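The sequence and structure come before the description.

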Amino acid sequence: MSGAVFAADSSTQQDKAKACKAQAAGKSGDELKTFMKQCLSSGVDTAAVKSEGQDKIKSCQAGASGKTGAELKAYLKQCSGK
């Protein structure tokens, strides 16, 4: 039974790490390390972060219609904030 509990904890921890990584966009070096340490040790609402990320993707995809090649690549880079 402890295997099932471990699997659930692992999944939750992975979701939390993904959510923190999504929020850390644009950070690097010591700022990123500090942010990730704080984020992973706090209670992050992974469902809310996933929803925000999905909404952003949908918004970017909607705005990308009709764009191709370098124009599309530049737009998606700007839209995603990377």
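## Nonpolar core

Cys20, Ala24, Phe35, Met36 and Cys39 form the largest nonpolar core, which has five residues. Such a core is a set of buried Ala, Val, Leu, Ile, Met, Phe, Trp, Tyr and Cys residues joined through side-chain atoms within 4.5 Å; buried means under 20% relative accessible area, with a 1.4 Å probe and protein chains only. Helix H2 (residues 29-41) gives the most to this core, three residues.

Leaving aside residues up to four places away in sequence, Phe35 touches Cys20, Gln23, Ala24 and Lys27, where a contact means heavy atoms within 4.5 Å.

## Basis of the model

The model is predicted: local features need pLDDT of at least 70, side-chain atom pairs count only at pLDDT 80 or more, and totals for chains, interfaces and linings use all residues. Residues are numbered from 1 along each chain as its sequence is written, and side-chain values use heavy atoms, with hydrogens and water left out.

## Fold and surface

The protein chain has four helices and zero strands, in the order α-α-α-α along the sequence. Helices (H or I, at least four residues) and strands (E, at least two) are DSSP runs, numbered from the N terminus.

Of the 82 residues in the protein chain, 16% are buried. Of its contacts between residues at least 6 apart in sequence, 40% join residues at least 24 apart.

## Charges over rings

Lys27 lies over the face of Phe35, 4.9 Å from the ring centre. Lys67 has its charged end over the ring of Tyr75, 4.8 Å from the centre. The criterion is NZ of Lys or CZ of Arg within 6 Å of the ring centre and within 35 degrees of the ring normal.

Key:
Buried means under 20% relative accessible area, exposed over 50%, partly exposed in between (1.4 Å probe, protein chains only).
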